[in-house]
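Open the model in your viewer and keep the sequence panel beside it. This tour goes from one selection to the next.

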Amino acid sequence: MKLFRFDKKVGTHISRYESDFWLSRILRTENANLQISCMHLEVDSVIGLHPATVDQLLLIMEGEGMVTGSEQKETKVSKGEGVFWEAGEWHETKSEKGMIAITIEGKGIDPGTFMKERN
């Protein structure tokens with residue numbers, strides 16, 4: 001057995017695109033088609049507006065926040081919810097109270113295969 005960490009203390013502070021959050025990388029496949037990370041947003045933090053380089057799924061594990069997609073309309077998200085952006089889609093994530101989320105990024109991911117869409 002091996003034990004690993006992915007908390008904020010072992011993460012990297014990200015400030016690109018006027019962001020302010022911590023990123024802890026978890027997994028990347030050998031051919032780089034899939035990458036999994038943990039995003040740590042503190043109070044009043046932001047993952048700045050930027051285009052998704054590949055399909056991206058954000059899974060909210062703790063806390064809550066606001067997300068936007070290409071339409072720039074803010075939508076509230078909270079623990080137990082997921083957000084999917086397609087490659088090239090401009091998006092932003094903000095949190096006033098703090099949030100921890102897992103991101104899964106890669107070509108051709110399709111959360112609709114197993115996950116139920118929110119109304």
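Select His-91 and Glu-89. A polar atom of the His-91 side chain lies 3.1 Å from the backbone oxygen of Glu-89. That is a polar contact: N or O atoms within 3.5 Å, where within protein one must be able to donate a hydrogen and the other to accept it, and residues adjacent in sequence count only if both atoms are side-chain atoms. This is a predicted model, where local features need pLDDT of at least 70 and side-chain atom pairs pLDDT 80 or more, while totals for chains, interfaces and linings use all residues. Residues are numbered from 1 along each chain as its sequence is written, and side-chain values use heavy atoms, without hydrogens and water.

Stay on His-91. Its place is in strand S8, residues 90–95. Strands are DSSP runs of E, at least two residues, numbered from the N terminus. Is His-91 buried or exposed? It counts as buried, because its relative accessibility is 1%. The cut-offs: buried is under 20% relative accessible area, exposed over 50%, partly exposed in between (1.4 Å probe, protein chains only).

Now show what surrounds His-91. Leaving aside neighbours within four places in sequence, its contacts (heavy atoms within 4.5 Å) include Gly-48, Leu-49, His-50, Pro-51 and Ala-52. Gln-56, Thr-68, Gly-69 and Trp-85 are also among them.

Next, the salt bridges. Each is a side-chain nitrogen of Lys or Arg within 4 Å of a carboxyl oxygen of Asp or Glu. How many does the whole structure hold? The search finds eight.

Select Glu-62 and Lys-79. Their closest N and O atoms are 3.5 Å apart, in a salt bridge. Glu-62 sits in strand S5 (56–68) and Lys-79 in the loop between strand S6 (75–78) and strand S7 (82–85), so the pair ties together parts 17 residues apart in sequence. Glu-62 is partly exposed at 41%, and Lys-79 is exposed at 52%.

Move to Lys-97 and Glu-64. This salt bridge has its closest N and O atoms 3.6 Å apart. Lys-97 is in the loop between S8 and strand S9 (99–106), Glu-64 in strand S5, and the two are 33 residues apart. Lys-97 counts as exposed at 61%; Glu-64 counts as partly exposed at 24%. Glu-64, Lys-76 and Lys-97 are linked in a network of salt bridges.

Last stop: Glu-92 and Lys-94. Their side chains meet in a salt bridge, 3.9 Å from N to O. Glu-92 is buried at 18%, while Lys-94 is partly exposed at 34%.

Terms used. Helices (H or I, at least four residues) and strands (E, at least two) are DSSP runs, numbered from the N terminus.
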